[in-house]
Amino acid sequence: MTIRDARPGDAQRIAEIYNHAVAHTTAIWNDELVSVENRAAWIAQRQGDGFPVIVVADDLDEAVGYATYGPWRPHDGYRHTVEHSVYVRGDQRGRGLGRALMEALIARGRAQRMHVMIAAVESSNAASIGLHERLGFENTGTLHQVGEKFGGWLDLTFLQLVLDDRATPAG
Ligand SMILES: CC(C)(COP(=O)(O)OP(=O)(O)OC[C@H]1O[C@@H](n2cnc3c(N)ncnc32)[C@H](O)[C@@H]1OP(=O)(O)O)[C@@H](O)C(=O)NCCC(=O)NCCS
């Protein structure tokens, strides 16, 4: 397995992973499936904005997981904070790929001089909460019934990792 920046040719595999999560899980709170072109445009936009989209690729160079981060909130004062997401294809879970993607993404965040990474996780998602706690993220709390999917309310748990020990933003 190799971790590398996403390329346009990864859009199909990324769309498959994303659409499975949309259709069958509460990992992502969207209802609409996306096209390959949609994911290709998303990769280009995100990377064009200077944010990473990385994949873990198998021996055939097919993406079996991906991770990314982008702005947390659209206000100037949040410029040192990013929100990320990480997805591993169902048949590849439990083999360390999520952790490897996250370690690479955290390294990118540090290289970009980001200060905080935030995961916003549906509260019953034990795998994601376990992954983040294993990586040292602090569980900072839960917002109750802020989402809906499949006819039920969803709770949202936040986990954060402080990436450096700068005493001030300019430090
Ligand atoms: C969350 C996810 C990315 C984890 O990826 P993964 O490749 O299966 O995880 P790893 O094998 O790297 O596991 C790393 C750590 O995560 C934790 N973990 C993984 N699966 C877990 C589970 N089912 N329950 C509890 N903890 C789990 C463990 O602490 C594990 O460390 P360990 O193996 O040393 O015990 C994967 O389950 C996934 O893609 N889920 C669907 C999408 C999703 O929920 N994404 C997160 C949205 S915020």
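In the predicted model, Gly 98, Arg 99 and Met 102 of helix α3 meet Leu 131, His 132 and Arg 134 of helix α4, contact being taken as heavy atoms within 4.5 Å. Helix α3 spans residues 97-111 and helix α4 residues 126-134, and the two pack at an angle of about 50 degrees with their axes 10 Å apart; the axes are lines fitted to C-alpha atoms over the stretch in contact, and angles run from 0 to 180 degrees between N-to-C directions. The two helices are therefore oblique to each other, a class left over once angles under 35 degrees (roughly parallel), over 145 (roughly antiparallel) and 65 to 115 (roughly perpendicular) are set aside. The crossing of α3 and α4 is right-handed.

Strand β4 (residues 81-88) is largely enclosed by the rest of the structure, because six of its eight residues are buried, that is, under 20% relative accessible area with a 1.4 Å probe and protein chains only. Strand β3 (residues 63-71) runs antiparallel to β4 and is joined to it by seven bridges, with Thr 68 having Ser 85 in β4 as its bridge partner. Strand β5 (residues 116-122), by contrast, runs parallel to β4 through three bridges, and Val 82 stands opposite Met 117 in β5.

Residues are numbered from 1 along each chain as its sequence is written, and side-chain values use heavy atoms, without hydrogens and water. Because the model is predicted, local features need pLDDT of at least 70 and side-chain atom pairs count only at pLDDT 80 or more, whereas totals for chains, interfaces and linings use all residues.

Definitions and conventions:
Helices (H or I, at least four residues) and strands (E, at least two) are DSSP runs, numbered from the N terminus. A crossing is left-handed if the near helix is turned anticlockwise from the far one by less than a right angle, and right-handed if clockwise. Buried means under 20% relative accessible area, exposed over 50%, partly exposed in between (1.4 Å probe, protein chains only). Two strands pair if DSSP finds at least two bridges between them.
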